[in-house]
Amino acid sequence: MSIKYRGETFSGYNKPKRTPNASKKFAVLAKEKDTVRLIRFGDPDMTIKRSNPDRRRSFRSRHKCDTDPPSKLSARYWSCKKW
């Protein structure tokens, strides 16, 4: 099942995908109840080094990943989920 949304193809709702040549590293077609939104997140020029415990702790602290998770319709939710 693939979903077309604003000219982009997604494999389904709430499934992040890489976005080459875009302003952000990932895109996800987020759906919560009846609301559907295209979320873009991640710096395309940065590498993810979540295997390094210090970097992981710093990222999660900076983005407040351990507090109540926000809505699936926010970039913070998806960014924290990746880390």
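Colleague: Why is serine 79 called buried?

Modeller: Its relative accessible area is 15%. Buried means under 20%. The value for serine 79 falls under that cut-off, so serine 79 counts as buried. Keep in mind that this is a predicted model.

Colleague: Where is serine 79 found, and what is it in contact with, leaving aside neighbours within four places in sequence?

Modeller: Serine 79 is found in helix 2. With those neighbours left aside, it is in contact with Phe41 and Phe59.

Colleague: Which strands does helix 2 lie across?

Modeller: Helix 2, residues 75-82, lies across strand 4 and strand 5. It runs at about 60° to strand 5.

Colleague: How do you know that strand 4 and strand 5 pair?

Modeller: Pairing takes at least two bridges. Strand 4 (residues 26-32) and strand 5 have 7 bridges, so they count as paired. The sense is antiparallel. Lysine 31 stands opposite valine 36 in strand 5.

Colleague: What makes strand 3 and strand 5 edge strands?

Modeller: The open sheet has the order 3-4-5. Strand 3 (17-18) and strand 5 (35-41) each have a single partner strand, so one side of each is left without a neighbour in the sheet.

Colleague: Why is helix 1 described as hardly covered?

Modeller: Helix 1 spans residues 53-62. Among its 10 residues, the count of buried residues is 1.

How values were computed
Residues numbered from 1 in each chain as written. Predicted model: local features only at pLDDT ≥ 70, side-chain atom pairs only at ≥ 80, totals over all residues. Heavy atoms only, no water. Helix = DSSP H or I, 4+ residues; strand = E, 2+ residues; numbered from the N terminus. Contact = heavy atoms within 4.5 Å. Axes fitted to C-alpha atoms, helices over the stretch in contact; angles between N-to-C directions. Buried < 20%, exposed > 50% of the residue type's maximum accessible area, 1.4 Å probe, protein only.
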